[in-house]
Amino acid sequence: MTVDKAKTKKILIVDDEPNIVLALKYLLQDEGYQTREAYDGQSGFSIALEWKPDLAMLDIMMPEIDGLEVARRIRNQTDLNNVQILFLTAKGTSADRIEGYQAGAELYIVKPFDNNHILEKVAELLDVENSFT
Amino acid sequence: MDSGIVVFISLIYLVLLFVIAIYAQNRSARGISIVNNPYVYSLSMAVFCTVWTFYGSVGRATQTGLGFSAVYLGPTIAAPLWYMLMRKIILISKHLRITSIADFISSRYGKSTFLGILTTIVLVFGIIPYISIQLKAIGFSFEIMTNTGSNQDFWDGSAFYRDKVNYFTILLAVFTILFGTRHLDPHERHEGLIAAIAFESLIKLISFLLVGVFVVFIAFDGLGDLFSRGWSDPALSRVISLDNSSSGMTSWFWVLVLSAVAAMFLPRQFHVSVVENNNVSFVRQASWMFPLYLFLISIFVIPIALAGKILLPASSDPDMYILSLPLFYGHELLALFVYIGGFSAAASMVVISVISLSIMVSNNLMMPLLLRTRTAKINGFAVLSDRLLGIRRVIIVVILFLAYTFYKVVSNNFPLVSIGLISFAAILQLAPAVIGGLFWPRASKKGAIAGMTAGFIIWFITLPLPTLAESGILDPAIMTDGYFGLSFLKPHALLGIQNVDHISNSCIWSMIFNIGLFGLVSLLSTQDIQELAQGDIYINITKYSDYPDLEVIRKEASVLRLKQLLVRYLGSTRARNLLNAFDGKLSTASDDNASQEFIGFVEKNLTGAFGAASAKLLLSSDIRQQNITLSQLNELINQTKEILEYSQALELRTQELQETSDELAEVNKQLKELDKLKADFISTVTHELRTPITTISSFAQMLDSKANLSEDRKKEYLGIILKECDRIRRLINQVLEVEKIDSVCETREITYTDAVHGIKSAIKRMQPLIEEKNIVLLMSLPDHEVKIKFNDDKFLQVILNLMSNAIKFCDPEKGKISLSLEEFDEKILVKVNNNGAVIPEEFLRRIFEKFTQYKQGNIAKPEGSGLGLYITKKFVEEMGGTVSIESSLNHGTTFSLTLHL
């Protein structure tokens with residue numbers, strides 16, 4: 001594993017549940033990723049514009065601007081072309097999944113999640129060797 | 001005035017009428033009829049007012065005073081009856097394509113040829129005297145206008161050429177032929193003619209009113225002046241009073257009856273009000289507009305009669321006062337206008353009467369007779385309808401010639417009105433058969449024939465024959481000695497009846513025999529199938545006009561043959577047009593057997609052209625009627641009635657079913673909504689559960705997998721896990737609470753709780769949270785118990801919910817909450833106020849709904865399930881209380897709770 005390589009990767013976490021944001025932050029930081037957090041869609045997108053993360057982990061059901069809209073905006077922004085998008089949501093029907101992928105996501109994971117599964121998928125998306133494999 | 005001018009003006013006027021007619025005809029051909037409205041319809045009915053009204057009313061008033069008005073009161077009083085009868089007659093006539101009163105009667109009694117002939121004869125005899133008085137009035141008014149001497153002797157050859165009436169008669173014949181026989185219309189509709197008639201009615205009314213105004217306000221000094229002179233002279237008082245002797249009253253009564261019947265059944269009235277009717281609904285307006293016309297044209301009769309008596313020499317004929325008065329004052333133009341008005345009255349009556357008579361004579365008299373002769377059948381008529389027009393033209397000339405002769409021989413010797421009433425009495429003979437036929441199912445052909453024949457004979461010997469005797473054509477002895485020298489056959493005192501005038505005498509006896517025989521013979525005779533079928537149509541016309549296919553008798557005919565008949569009788573162009581029109585509705589694909597609809601269609605069109613009885617004869621060899629016995633027919637009629645009743649019942653059932661189904665649909669919709677709400681609720685609840693579980697699971701996994709976690713981290717993780725577990729527990733409790741509320745099966749026993757105590761214990765529980773957030777709490781509670789109708793636990797829950805919301809939305813730095821309890825009017829008011837930011841209006845509206853959560857700014861989501869306020873509201877409302885929220889900039893957010901003591 002290369003914590004060093006992971007250190008260069010920036011992950012944006014957007015969720016209106018503070019404790020979930022906290023859990024993800026600890027989980028990812030412990031693996032060496034850089035993280036920034038937002039608790040609603042609007043500020044999440046602002047951070048993405050300015051910080052240009054490698055990966056955006058988005059909740060869907062959020063007030064005002066939901067995760068799907070954030071994803072669409074990222075996809076419409078040329079200088080954010082390289083941002084990987086991962087939905088992490090409680091909405092679990094196949095219609096929800098299709099909508100998520102249509103909004104431009106690379107991956108769609110339904111809550112509750114398994115920590116290791118998240119780390120594996122994040123590593124895959126960012127092309128980083130996983131510490132657990 | 002020079003006679004040349006008068007003749008010229010008369011001609012110009014006729015040309016004007018013709019132009020109006022052509023204009024109206026063209027308009028209706030382009031679909032923008034000027035005739036298709038109740039006003040023209042009502043005006044056309046004023047063809048009722050002939051020269052009898054125009055000239056004769058004044059003459060009558062000089063003899064009987066107000067008695068003249070009976071002729072106008074009759075139709076006015078009978079207007080409601082008229083409305084009822086006419087509606088029915090029009091519906092029947094439109095349904096069966098009936099084009100005359102003779103056809104109407106013949107068709108009712110099994111399309112009887114004999115009744116058609118009989119009615120036509122009654123009408124020809126009845127109307128010819130009536131036409132003759134029109135000719136007389138035209139001639140007389142012409143003489144007054146041109147101031148030529150009195151009548152010349154008819155038999156004086158050289159005088160014939162000097163008598164202007166000849167020329168007028170010929171002119172009217174030409175005019176009638178031009179108007180009435182331009183083409184053969186299956187409906188016998190002449191919109192142009194009706195427009196001209198309505199115009200003439202206007203001219204009549206205006207000229208009459210002008211003379212009235214002239215006489216009353218210019219010749220005299222108003223009505224007061226005229227009447228005071230009338231009262232002062234005993235010779236004049238008769239003009240302004242009513243003859244109230246018993247014979248006067250009898251006469252008055254019969255004139256009322258006669259005029260009411262005549263307004264309906266005179267051939268010209270039947271023609272304008274039924275045959276030319278565009279829309280049944282016009283009858284309603286006409287039932288007041290027509291009487292109004294009669295009233296207007298009568299108001300100046302008495303004043304003119306008085307003025308004539310006062311001013312004009314005794315030798316002056318009262319029938320011509322209206323013309324003589326303007327001339328007396330030297331107003332020639334006004335006189336000319338009156339002359340045109342009178343000419344209008346005569347011309348409209350003559351034209352319409354002669355046209356309707358010619359239709360009847362050709363369809364109901366000539367056609368059946370012609371069709372019975374062998375040659376007609378063998379040679380056929382190349383195109384029967386073309387032949388018919390020629391026949392009608394001849395008939396028109398013949399009728400006018402007869403009327404002219406009658407005028408020359410008889411009418412000259414009598415006043416206008418007395419001859420007019422003779423005609424009315426003839427029309428009366430049709431009334432029993434028509435009215436009985438409309439309402440009495442047992443009315444039979446034999447009854448109608450018997451009644452009408454008897455009535456006609458009595459009328460004939462008591463009214464027209466005596467006029468011939470009095471004119472010297474017959475032996476005058478019959479007037480004094482009775483017919484054949486039998487004293488009980490004295491024409492004006494039949495069967496020894498005394499003290500009544502000759503009109504009443506004739507009406508009484510003719511009606512006794514007419515109605516008596518009609519009723520008696522109908523009761524004693526049986527009706528054949530045709531009669532029953534037609535009678536059912538007449539009596540229950542609404543049923544047939546609603547269900548046009550309800551023909552009782554089944555008929556068979558070949559399509560090809562029927563088409564050939566149409567071509568043969570109506571000409572190839574007309575036949576093709578008709579077939580095209582029919583094909584639009586229903587195919588006439590030439591499979592051999594024609595449908596009942598097609599047979600009916602052919603029958604109706606031939607009926608329109610040739611009359612019911614003639615059409616029946618024309619088709620008799622080509623349409624086979626299934627032989628049905630009387631009992632079968634009755635059964636059929638009963639079945640039809642049953643089917644109708646059944647279909648009505650079915651309609652009712654369908655309606656009920658529709659209602660039930662609507663109700664079910666509504667319930668179903670509600671259930672679906674409920675179901676959707678439930679599904680939404682479950683999905684929201686599961687979503688709300690997933691969130692804490694996700695957090696718990698994530699932190700637990702971290703605790704589990706990372707051995708080298710610091711103690712602080714471990715403590716933090718565990719703290720979060722416990723908090724989220726608490727959240728789940730709360731959520732579950734509240735979901736259960738909501739379920740209870742929604743299913744409303746919780747028992748409601750009334751308990752009481754101390755509100756002050758409840759609030760205090762809630763605050764105690766919240767104390768740690770309040771301190772943690774450094775919130776200042778201000779309380780204003782009474783220092784005594786306040787018992788309220790509420791469950792202990794629920795009240796505690798309500799206060800906890802309100803408090804936790806207040807804490808949640810407090811100003812994060814300098815939080816302040818004030819809580820108060822006031823008592824008033826058997827109620828308490830609890831207010832919980834916090835100093836947080838304003839909550840937007842759109843959110844306030846939804847705040848008490850399930851899973852509504854308000855989130856301030858862009859900080860993390862507030863804790864809670866979104867069910868707390870929903871539960872609060874439900875608890876409070878359950879106990880009849882209210883809870884509301886207000887939020888404003890300087891006053892923060894306040895929850896107000898009202899509960900009953």
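In the predicted model, 23 residues of chain A are in contact with 23 residues of chain B. The area buried between the two chains amounts to about 2100 Å², and carbon and sulfur atoms contribute 56% of this area. On the side of chain A, a trio of residues stands out: A:Glu17, A:Asn19 and A:Tyr26 together account for 25% of the area that chain A buries against chain B, more than any other three residues.

Polar interactions across the interface were also counted. Between chain A and chain B there are 3 salt bridges, and 9 residue pairs are in polar contact, with both residues of each pair at pLDDT 80 or more. A:Glu17, already named for its part in the buried area of chain A, forms a salt bridge with B:Arg727, in which the closest N and O atoms lie 2.6 Å apart. In terms of secondary structure, the elements that give two or more residues to the side of chain A touching chain B are α2 (18–30) and α6 (115–126) of chain A; the largest share of that side, 8 residues, is supplied by α2(A).

B:Gln534 is located in helix α27, which spans residues 529–539 of chain B, and because its relative accessibility is 5%, below the 20% limit, B:Gln534 is classed as buried. When residues up to four places away in sequence are not counted, B:Gln534 touches B:Leu96, B:Ser107, B:Arg108, B:Gly110 and B:Lys111. B:Lys616, by comparison, belongs to helix α32 (residues 612–619) of chain B, and with a relative accessibility of 37%, B:Lys616 is partly exposed.

B:Tyr167, B:Ile170, B:Val174 and B:Leu178 make a nonpolar surface patch of about 370 Å². One of these residues, B:Tyr167, lies in helix α9, comprising residues 164–180 of chain B.

Conventions
Residues numbered from 1 in each chain as written. Chains lettered and ligands numbered in written order. Predicted model: local features only at pLDDT ≥ 70, side-chain atom pairs only at ≥ 80, totals over all residues. Heavy atoms only, no water. Patch = residues over 30% accessible without salt bridge, like charges linked within 9 Å, V, L, I, M, F, W, Y side chains within 5 Å. Areas by Shrake-Rupley, 256 points an atom, 1.4 Å probe, with all protein chains shown as cover. Salt bridge = Lys/Arg side-chain N within 4 Å of Asp/Glu carboxyl O. Helix = DSSP H or I, 4+ residues; strand = E, 2+ residues; numbered from the N terminus. Contact = heavy atoms within 4.5 Å. Buried area = accessible area lost by both parts, 1.4 Å probe. Polar contact = N/O pair within 3.5 Å; in protein donor to acceptor, adjacent residues only side chain to side chain. Buried < 20%, exposed > 50% of the residue type's maximum accessible area, 1.4 Å probe, protein only.
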